Amino acid sequence: MIGNAVHCAPAQTPASRSAPARPPVPPRLTPYGLRCEHRRTPLGVGEPRPLLSWRLASARAGDDPVAYELKVGDWSSGRVEDPAAIGAVYGGPPLLPRTRYGWRVTVWARDGAEGSAESWFETGQDVWQASWIAHDPAAVAHMDPPTEGDQALSHHGLLPCPQLRTSFESTAGVTRARLLISAKGLYEARVNGHRVGDAELAPGWTDYRRRIQYQVHDVTPFLLDGENVLAATVADGWWSGFTGFDPRRPGYHYGRFPELIAELHLTFDDGSTRVVATGEGWRTGHGRIRYGDLLKGECHDARAETHGWDMPGFDDSSWRPAVVTGDDHSLLVASRDEPVRALGELLPISTVLVGPGVHLVDFGQNIAGRVRLAVRDQEPGRRVTVRHGETLDGEDRLHTANLRTADATDVLITAGGAEEVFEPRFTYHGFRYAEVSGLDRLDDIRAVVLHSDTPWTGTFDCSDPEVNRLHDNIGWGQRGNFVSVPTDCPQRDERLGWLADAQVFLPTACFNADVSGFFSKWMRDVVDAQSPEGGFSNVAPLLSGVADEGAPGWADAGVLVPWHLYRVYGDDRFLDVDAMVRWVDFVARHNPDLIWRHRTGPHFADWLAPGPATPREVLATAFFHRSAALTVEAARVRGRYDEAERLGKLAARIRAVFAEAFVGDGGLVEGDTQTGYLLALAFDLLTPEQSRGAAARLAALVEESGPLTGFLGVNLLCPVLSAHGRDDLAHALLRRTDPPSWLYQVRHGATTVWERWDGVGAASMNSFNHYAFGSIGEWLYSGVAGIDQAPGSVAFREVVIRPLPGDLSRASARYESARGLISVSWHNDAEGFRLETRIPPGATATVHLPGGDTRRVTSGDHIFELVRGEKA
Ligand code: BGC
């Protein structure tokens, strides 16, 4: 028996088992984690009225803010009485281009004490003077034909990566140098031999026909007195390389050859300025990179290295003039996201010689990235080939059938010498294993982990090591698939920004990492891809050859994703109400009787469900209602009350139509499938009485066969079961090890989450790094550990702590929410249940203890103890 809870005031902060060391908690209310447009000290902010935000911490319970003041340069918001605020939009005079603004936030606590913190950002520019330049496009036709080896790899049509350079004289006294740069394709810039920045695969993927992001880099330390060189290598990337599964030649989707645009803005100590820009006078040639393609791989002929090409003193007279291809700047926009970066390295866990000069290397973890190889004491001209795979075929053979046409093969032709380091620059692969051929021994090899830089915000740990491994696998799936856009998979010839995959995984992603900037950029891609009639697409960025309109649960991400982002981060600018309304009206227009049956595009149903198919109209109409209902909410938040009223009526009609057409006695939902019940319950399509019946039927189906949902129901399984009183069943699903199940994958050696529940299927559709089924990650935080927010709450202002122990003996989670740190750590054993939790300043929490006891608490640290047995 569980007794009444004892709420103890903690003398010290609660301990957390798996979490990294905590930063010290300030004794009094203090802002920290300052962000501008969701990024830390960004260069090149394009937003005219940027959002400045902060988190809060205090060691004192109940030390909540009552007011804040924001100062940006000379502008001040004045003291604003707003106890909920964790950010505000700049409201001062127009910001100047390319200018650094310092800013400070001060918060006042209830007792009058104040705390403050400072940060800065720099603005970008709207007006450009540079021209787009390229390697002479006519000359590409005369390039050397590919070598025999290249032909064998079917690299037809892949061209050497152009190098572009200019030199200029500068005097001493440069106080500030900013490089604003972008490419149609990918670029890597260099100034006087230094690599500029640490972005990979820049400028990132957008629909380049609509928007091209530029980045800004601080290159002040690289400038010299005298001759200076500004240079860049460009590659095809998503722009003109192989992209997606369309087998057509590169250049089909966006462009035919890479182009560069750059402006170097110099400020001297006497206040004078100078701009060095791409345009006439740039020279271009080729170096060691014979080709670099995202899907095919990259080939370096180190013998062709143009030593010193990015340094002063290089003789570029044999290079040809770069071609000016245009000066249209209308599509250039400042980056909204942090770039892809190299964010980790893995050493092999084993290396096996599998043939003469062929090594199979196991990095122990399925990732997205590439291999870095140091090659020592080789003769010139040796060909070293690195192939990649996620799994092995039988014994010691790389399995590559699931890569389809992505060769994922990198090649080095050695120059010879003491040591050469080979790391591709313009490709990435999804792999755990690498097969290296052409070397008798491997001197130094490691895997470089690449992903969009989204600061990690969550940790989770519990008493079941297999569940912990599942949590890790989910995190690795997130890393490997957040590569400029949220992709379905990083290995095969697909890697597209599928909307459903993103919407089902988003809640998990938001716990794991701060994905606000990443999704702020991607939501632009989603809206860019919306058709003139209002249809959201199935993938974003859009590219030719992929069915582009309207699958239920895919296109609806155009509403579901921004709504969730708003709730998590509190930034109502995520809510592009016009785009949402256009979508809902579009579906309504095509389906006047409000049953979504008219196919506006493909219908992927409940993709990869292993069980009986959910009737398509049930599934589609449920999403139609969900999109309409959330658009109503969004319209209210943005003060669009007329739209809210109009669509509120529409949502009510869809709900009635759904009930009439698909809901039978006792809450039976047509098709009688798990996903049918999950959608009806989660999307509020049933009366309370029907809900009881539907929940019972869902539970029975789950008990009978385990999880039988595809992508569109999987994220709802455990949350809906526990919301309807069946956390026992949710736990049973979590811990289940027979297929289909999450731990089946873990037991079979998964280090990421598989595309299919059981990992069995045609090789061409069998990715081992697909995150949709990893969407249970949300429930590990919100259910097992118990960190959630109340239904109407935004940015965790009203926290809900509701741990669901099941038969686990402990769990803990830490989550750096938009408001500040929320943590939970609980133990459950024969003696009782003990919970430690931290609630950030400005928030309150409702704590639901096992056994039904509920407490309201303020911000700060809290401990609850439930004693079992006689003592209670
Ligand atoms: C992708 C999925 C995607 C689906 C659409 C697949 O090829 O890998 O993740 O959502 O197509 O049904």
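Author: A polar contact is a pair of N or O atoms within 3.5 Å. The model discussed here is a predicted one.

Reader: How far from an oxygen atom of the ligand does a polar side-chain atom of R492 lie?

Author: The cut-off for a polar contact is 3.5 Å between N or O atoms. The polar side-chain atom of R492 and the ligand oxygen are within that limit, their distance being 2.7 Å.

Reader: How much of the area that the ligand exposes when taken alone does the protein bury?

Author: The ligand by itself exposes 310 Å². Of that area, the share buried by the protein is 96%.

Reader: How many residues of the shell around the ligand are charged?

Author: Among the residues around the ligand are D488, R492, E494, D501 and E755, together with others such as W498 and F604. Asp, Glu, Lys and Arg count as charged. The shell divides into six nonpolar residues, one polar residue and, as charged residues, five.

Reader: Are α8 and α9 roughly parallel or roughly antiparallel to each other?

Author: Helix α8 covers residues 616-637 and helix α9 residues 641-662; their axes are 8 Å apart, at an angle of about 160 degrees. Angles over 145 degrees count as roughly antiparallel. The two helices, α8 and α9, are therefore roughly antiparallel.

Reader: Is the crossing in which α8 passes α9 left-handed or right-handed?

Author: The packing of α8 and α9 has an angle of about 160 degrees. The crossing of α8 past α9 is left-handed.

Reader: In which loop is P541 found?

Author: The peptide bond that leads from A540 to P541 is cis, and omega is near 0 degrees. P541 belongs to the loop between α5 (516-528) and α6 (557-569).

How values were computed
Residues numbered from 1 in each chain as written. Predicted model: local features only at pLDDT ≥ 70, side-chain atom pairs only at ≥ 80, totals over all residues. Heavy atoms only, no water. Near = heavy atom within 4 Å. Polar contact = N/O pair within 3.5 Å; in protein donor to acceptor, adjacent residues only side chain to side chain. Areas by Shrake-Rupley, 256 points an atom, 1.4 Å probe, with all protein chains shown as cover. Axes fitted to C-alpha atoms, helices over the stretch in contact; angles between N-to-C directions. Helix = DSSP H or I, 4+ residues; strand = E, 2+ residues; numbered from the N terminus. Parallel < 35°, antiparallel > 145°, perpendicular 65-115°, else oblique. Left-handed = near helix turned anticlockwise from the far one by under 90°.
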